[in-house]
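I open this notebook to record what I looked up in one protein structure. The entries follow the order in which I consulted it.

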Amino acid sequence: MLQIIRDPDLYRNPVGFMENYAGDEWREAGGKKPVFLFPTQTLLEYWEEQLLPAFGSWGGARFLLIDALVRDILEETRTGLAELTSGGSVLLLRLVADALARKGKTPYLAQASPTPGFYEALRREILLLKRAALEPSAFLNLVQSASPPLQELALVYAEYQQTLKRQHLADTEEKLRLATMEIVNASCWQKIGHLWVIGFTDFTPQQENFFHQISQLVKVTIVFDHSGAGRQGLPLPTWRRGALKEEVAGLHPPKKTETRTTLAYLQGALWAKEPAPAPVRADASIKLSTVKGGYRWELAALARTLQRLLAADPGLTPDQIGVVTPYPLDQVYQILSAAGLPLSAQMSTPLLEEPSAQALLQPFRVILSDFEWGEMTKFLRWGGLILEPQLYQLEPAASLPEWQAKLTNLYAADEEKKKLCQTLVDFLTQIPAQGSYAQYFQLGLAWLNQPYLLRNFLPQPKAAEPALHARFFQTSLLGRLRILLQKNLTLTAALAPQEVKLEDFYFTLEAILARELCPRPTSWVNGIRLLTPAEARGVNFRITCIVGLNEGLFPHLTAERWLLREETTQNWPLANVFPTNLQQLSRERLLFYYMIKTAREKLILSCCRTDEEGRPVNPCSFWHDVERLLPPGCVSQEEPEGQRMQLLLPPKPPVGINTKKTRHSWEEIRNEISQKIQAEEVRRRAGRSRNGFLGPGEAQLIQAKLGEAPISISALEEYATCPFAYFCRRWLRLKPLTVPEPVPSRLEEGSIAHGILNQFFKRHRGKVLSRNHFHEYANEIAALVERLYPAAPASPNQVQQNLLALGRENLTAILTRVIKEEISWQEQTGGRFTPRYLELGFGGMQKEADGASTPDPLTLETEDPSPDRPLLRLWGKIDRVDTASAGNFIVYDYKSGTPPTKTGIMKGKDLQLPLYLLAVSRLFLPAGHPVGASYYSLRQTHRLGGIWRQEALDFGVKVKGACTEEEWVKVLDNAVQSAVGLFDGIRRGHFPFAPPGECPSYCEFRTVCRQQIWGREGETHAE
């Protein structure tokens, strides 16, 4: 017999329901006992917690999940059945689809790209058919006149089911179907007197078939929550399979009279057809909080709120607080635990995200990337090799033999590392470009058993506690990965003897790992409960916090189905078995209603006003429904400034660690970090210009060092661009380890071009180039490029040889255009200016410098010198100085990239050209007269940028915006003032970040720059 009870107070008063309906069943001695079936583990545990104190014992009654009952039936009736995990389903679908495609039965599906997403979409479509209780034959008849893709889906579904039957496999839905068939053969019903099905909001057709079959053997009572009756837009739980006897339970009187609070009003009025008038004034039972800065700041604000609540009420225990959120629970757990809050959660994450799974994939990635440098070094690290800095200096290898030779040479003096490298390279040689699934899975097992790999994961006795726990967890995952690979090896050995490409196998393995979930280890503390929205249904807390109520997060709607689209399924005779988008939204609405009902004394709702980048975001539609009902004063705006310390402090020691030494060490770490954060906050209060200021002691060290030798002009320009980057490069001397490139970088190619032009113009110093000899000049440039451009490596590497050949040809073409432009320039200017100085050094710059270079520096001072401001002495090397017979001269600086603008020069930001002009005038040609200074763009092949005097027009220079005499003097004065000011900032130890919005597009120190974390104070206050 099967009946339905609708109880309006089911979730609020489980004890009252049991006393009225089922309380006497488990008290009966002997005989059959009741079984209570729940949809979620959270609801099951909650009812156990509520009922045990009321009834004293279970007396033989059982509390089960529906999956546990299915498992009991199948363990008795289908002993040889093997479970197929979600990842295994993806693999089996891949094998089935490939087999049908080879037979030519699925031409449409065969055209799809075999990516992991394709087979996951196929799996979801088949799961939907199974939940609808549609047999393959029935679905095939249903789509006989439908589109070819649906007909092919029917073929895949049928073959998938046949394969499950032949291999004695069952996925989750298949187990339910088989259990429904085997119910009559199970003996467990001899011990069950009554099956209570509690807390379901809806059933799939397959679940209804399951309970209908059980009702033929034992009494089945389905208990629906009826508290949402009469509310707009809330769907009541239904039973599709025929009419059943239904009973609406009476309201159970509460044990004590509750005061009328704003929370109670909201719970009664939300989506009611005729809500009661709202309270005139809000009380403390409801709080709506909005936070700027993204979900991390939102959770930090929540942590502080929870700390205040626990501190203010000694009778409030952590387990009486629930946090419900659509955010990933592992991230919520990390942030809240960092505030020292005791937490309890059941968390699972995809196995693909774990380090052990990434280690499994790495050798296959290396082969697929053609031994790319980054992937190969990751593989070496997983294999246990600690990378030396010399490895970053190697030229990238394009084949395994090249890598083997380079590694052998690098570790020639270290036998242990050389042996390790040989072992790792030997393993890669075993991975074929094409092979069977079984062969690849066997290689995966062999890799997981490598001793060198295991050393990276096995726990070490002397490791710190967090590292030790992480190693234990990852080691356990290695065991799970072995079992997973062994199951798939068995499956593919029987079904897939054909060979596949390594790329196809890799995508399949990645999809398998993405579908396998692994529970995350958490504390056993009975703390604040972290729940997903689905888990929160039916439970109660004194205080409930609902976090993350933003549009796009909640309500969470699944993406449009691939083949079984709503516009297609709703035209079928069985349209009611396929859920629609409107039904899905209604269920999310009901879920939010249940989330609101979980709070007994206080409800806190939270959402973000902006995301992590400061962009505005919207609260969800349910937020507005709540806000419209409440009186003024319920909404507050939290600011993130006060939450920074809570996010950055490490968590308190876990409960159970009571040794004085451990707790003292933990407190020392927290105090040290706290002091540093407080010092940084004090610095911020003076404004963002205080960031990066060194103290007087450090400034004295810098001043002593600066007095030893001249400073370079390029250093001043670096400081002007970003003082913090200058500090990293010039004083900390940080050298980022970059990935080697197979061809010269842009910077290296620029140096090569400088050297070639230097040698060319030395041969033609003081000469006017003639158009009649252009081919000779071009051949000369080509010969210099051939000699100075790097040659291909000795080992055969066709890709690198081709890249180097293209680079050599490109550089030859660029420099040939430069010579052609030089000829045209000298023709336009009547040959007045010819190269005289090349790589002209001053201030001690003698390396590869012109013979006329001088050790004397360029000395600068302002009009108001002071005793504590020494003279600025500069060194540098000028690429080229052209002179005329009348004593006029032009300064050039070659640029392989985009040259600075004239605006930067006029404002004193780009100092190179003005200071080079001063150096030539004072140190080399005191009687000469400067005509101009230009950044010569090699790629754009022009020299009209920079700064020019008006008289340049008289010499045939066709330049726009030539400077008047007054502007020319002002440019040089601005350069001097700017250079001295920058030098003074360096001497004082002022190294702040670049101003907001002026960070360079590329910065080699971006990984250590704090600009993104602590460099936005001015922007924050400005808002």
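What percentage of the residues in the protein are buried? I found that buried residues make up 50% of the 1023 residues. Buried here means under 20% relative accessible area, exposed means over 50%, and partly exposed lies in between, with a 1.4 Å probe and protein chains only.

**Entry 1: the basis of the values.** I note that this is a predicted model, in which local features need pLDDT of at least 70 and side-chain atom pairs count only at pLDDT 80 or more, while totals for chains, interfaces and linings use all residues. Residues are numbered from 1 along each chain as its sequence is written, and side-chain values use heavy atoms, with hydrogens and water left out.

**Entry 2: the whole protein.** I looked up the secondary structure and found 37 helices and 26 strands. Helices (H or I, at least four residues) and strands (E, at least two) are DSSP runs, numbered from the N terminus. Along the principal axes, the C-alpha atoms fill a box of roughly 120 × 75 × 60 Å. The protein exposes about 48400 Å², and carbon and sulfur atoms supply 53% of that area; the areas come from the Shrake-Rupley method with a 1.4 Å probe, and for residues only the protein chains shown count as cover.

I then turned to contacts, meaning heavy atoms within 4.5 Å. Of the contacts with a separation of 6 or more, 77% are accounted for by residues 24 or more positions apart.

**Entry 3: nonpolar cores.** A nonpolar core is a set of buried Ala, Val, Leu, Ile, Met, Phe, Trp, Tyr and Cys residues joined through side-chain atoms within 4.5 Å. Which residues touch the most other members of the largest nonpolar core? They are Phe139 and Leu513, in a core of 93 residues. Leaving aside neighbours within four places in sequence, I listed the contacts of Phe139, among them Leu129, Leu150, Tyr157, Leu564 and Trp572. Another core, of 56 residues, lies apart from the largest one and includes Phe17, Met18, Trp47 and Ala536. In soluble globular proteins, nonpolar side chains tend to be buried together.

Entry 4: I recorded 115 positive and 112 negative side chains, with the centres of the two sets 1 Å apart. Lys and Arg count as positive and Asp and Glu as negative, without His or the chain ends; the place of a charge is NZ of Lys, CZ of Arg, CG of Asp or CD of Glu.

A salt bridge is a side-chain nitrogen of Lys or Arg within 4 Å of a carboxyl oxygen of Asp or Glu. By this rule I have 41 salt bridges. I inspected several of them.

- Arg124 and Glu120 meet at 3.4 Å, N to O. The two are 4 residues apart in helix α6 (residues 116-131), so about one helical turn separates them. Arg124 is partly exposed at 48% relative accessibility, whereas Glu120 is buried at 11%.
- Arg166 and Glu159 meet at 3.2 Å, N to O. Arg166 is partly exposed at 46%, and Glu159 is partly exposed at 26%.
- Glu718 and Arg730 meet at 2.8 Å, N to O. Glu718 lies in helix α28 (residues 713-721) and Arg730 in helix α29 (residues 723-731), so this pair ties together parts that are 12 residues apart in sequence.

I also noted a network of salt bridges that links Lys130, Glu135, Asp171, Glu174 and Arg177.

**Entry 5: backbone details.** Where is the cis peptide bond that I looked up? It runs from Phe554 to Pro555, with omega near 0 degrees. Pro555 is in the loop between β17 (541-547) and α22 (566-569).

Ala133, a residue other than glycine, has a positive phi near 60 degrees. Ala133 lies in the loop between α6 and α7 (136-142) and is partly exposed, at 29% relative accessible area. Trp271 also is not a glycine and has a positive phi of about 65 degrees. Trp271 lies in the loop between α11 (262-269) and β9 (286-291) and is buried, at 8%.

**Entry 6: two single residues.** Is Gln912 buried or exposed? Gln912 counts as buried because its relative accessibility is 9%. Gln912 lies in helix α34 (residues 912-924); beyond its neighbours within four places in sequence, Gln912 is in contact with Ile713, Glu717, Asp893, Lys895 and Tyr935.

Ser215 lies in the loop between α10 (205-214) and β7 (219-225) and is buried at 8% relative accessibility. Not counting residues up to four places away in sequence, Ser215 touches Met1, Leu2 and Val220.
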